[in-house]
Amino acid sequence: MTTNHQAWMTRAIELAKQGLVSTRPNPAVGCVIVKDDQLIAEGWHVKAGQPHAEVVALASAGNQAQGSTVYVTLEPCSHFGKTPPCADALVAAGVKQVVVAMQDPNPLVAGQGLARLQAAGVAVEVGIEAEQAARLNQGFIKRMQSKRPFVRLKLASSVDGRTAMASGESVWITGELARTEVHKLRARHGAIITGIGTVLADDPSLNVRLPTNIQAELGLDEALCHPIRVVLDPNLSLPLDAKMLSLPGRTLVMTSQATVENNDPVVEVLLANGAEIVAVQAQEDRLDLESVLDYLAQEEQINDVMVESGAIVAGAFIEAGLVDELHWFVAPHLMGHQGKPLLMLPGLVTMQDRINLKAKSVEAVADDWHFVFEFASQ
């Protein structure tokens, strides 16, 4: 492995980041074409349905691609989807070597693209900056490997872990800049999950509200501005005047099959008011969270889900072991022990029951703090 391999792949990863929001449900991919250690061309996958990173870079390189080394963050595809196979395009261009950060976890590819290149006499090297490349597409990788989305839980509280006063009185806990970061985080996700309790208490919009310049920076268009809103509503209690029903984008109301069968008139009215009803598995008044995630991954092709909810739903996702990453925004004030708690975790009784977290990062956001944790067992 040469230092140049790492440098060029790092550049490809930076390019891939530009498509991080706009490519879903596809992975974000970057590509760099080099000859005699000089940059010839580069590109990234801009949007699902449009040419992949390799094809964009090859088009820019033209005849200079012949005899070149190509750096790509994910194994070139080998199947016909909305676009032709990238492995074939690389072979046709006469490239000498393809350096790949990681193999594609998609079963439709999974090594076949590499094999096609090697069969055509193209030298292949795999594993350069693989960890960095995998971090780019955690949701895509998880959906391909486990048929579930990557779940991020977003929390916001005072330093003493309170989200509202005991009376329910609440204002914005964090500052404006932190709230902008939350909207950027939302934009990375195909769906946002909340509970009916949060809808009844706060009437949230659960959309992405960002200045035009930041939207352009992230590659957002009107459709991508609106992750699917998912409301966990076991008894179909969603008010017809809920703000989210009048906003652009889709609202999925998840409930049980029994509730659907016993509430035909309510179902009809909700459908007429813009909601989509999805029946998932349930036990009594609790929806099966695994079924919720399975539906989103398999039926909606959602790679990344963000949970923005009250203490009960947030705690349930944690206790079920379904949270991959926890994002906690902390404001520098105290609200007192009578305030509403951040999480409800009734299964934690003894010290042995503690859930261990591993800190990934911490960042100051104006006067607030943004902590990112993963779970120590993961």
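Start with Glu 300: leaving aside residues up to four places away in sequence, it touches Ile 228, Arg 250, Leu 252 and Tyr 295. Keep in mind that this is a predicted model. Glu 300 belongs to helix α12, which covers residues 289-300, and that helix lies across several strands, β10 among them.

- Is Glu 300 buried or exposed? Glu 300 is buried, because its relative accessible area is 18% and the cut-off for buried is under 20%.
- Helix α12 lies across β6, β8 (191-195), β9 (228-232), β10 (251-256), β11 and β14 (304-307).
- Against β10, helix α12 runs at about 135°.
- Two of the residues that Glu 300 touches are Ile 228 and Leu 252; β9 spans 228-232 and β10 spans 251-256.

**The nine-stranded sheet**

- Nine strands make up an open sheet with mixed pairing, and their order is β11-β10-β9-β8-β14-β6-β15-β18-β17.
- Which strands stand at the edges? They are β11 (275-280) and β17 (357-365); each has a single partner strand, so one side of each has no neighbour in the sheet.
- Going from one strand to the next, the twist averages 25°.
- In general, the strands of a sheet pair through backbone hydrogen bonds, in either a parallel or an antiparallel way.
- Strand β6 (residues 150-158) and strand β15 (residues 325-331) are a parallel pair, with seven bridges between them.
- Look for Lys 154 here: it sits opposite His 327 in β15.

- What does helix α13 lie across? Helix α13, made of residues 311-319, lies across β6, β8, β9, β14, β15 and β18 (368-375).
- Helix α13 runs at about 135° to β6.

**Strand β1 and its two partners**

- Strand β1 takes in residues 30-35 and is mostly covered, with five of its six residues buried.
- Strand β2 (residues 38-44) runs antiparallel to β1, and six bridges join the two.
- Across that pairing, Cys 31 has Gly 43 in β2 as its bridge partner.
- β1 and β2 form a hairpin with two residues between the strands, and there Asp 36 takes a positive phi near 55°.
- Strand β3 (residues 69-72) is also antiparallel to β1, joined to it by four bridges.
- For Val 32, the bridge partner in β3 is Tyr 71.

Key: Residues numbered from 1 in each chain as written. Predicted model: local features only at pLDDT ≥ 70, side-chain atom pairs only at ≥ 80, totals over all residues. Heavy atoms only, no water. Buried < 20%, exposed > 50% of the residue type's maximum accessible area, 1.4 Å probe, protein only. Contact = heavy atoms within 4.5 Å. Pairing = 2+ DSSP bridges. Axes fitted to C-alpha atoms, helices over the stretch in contact; angles between N-to-C directions.
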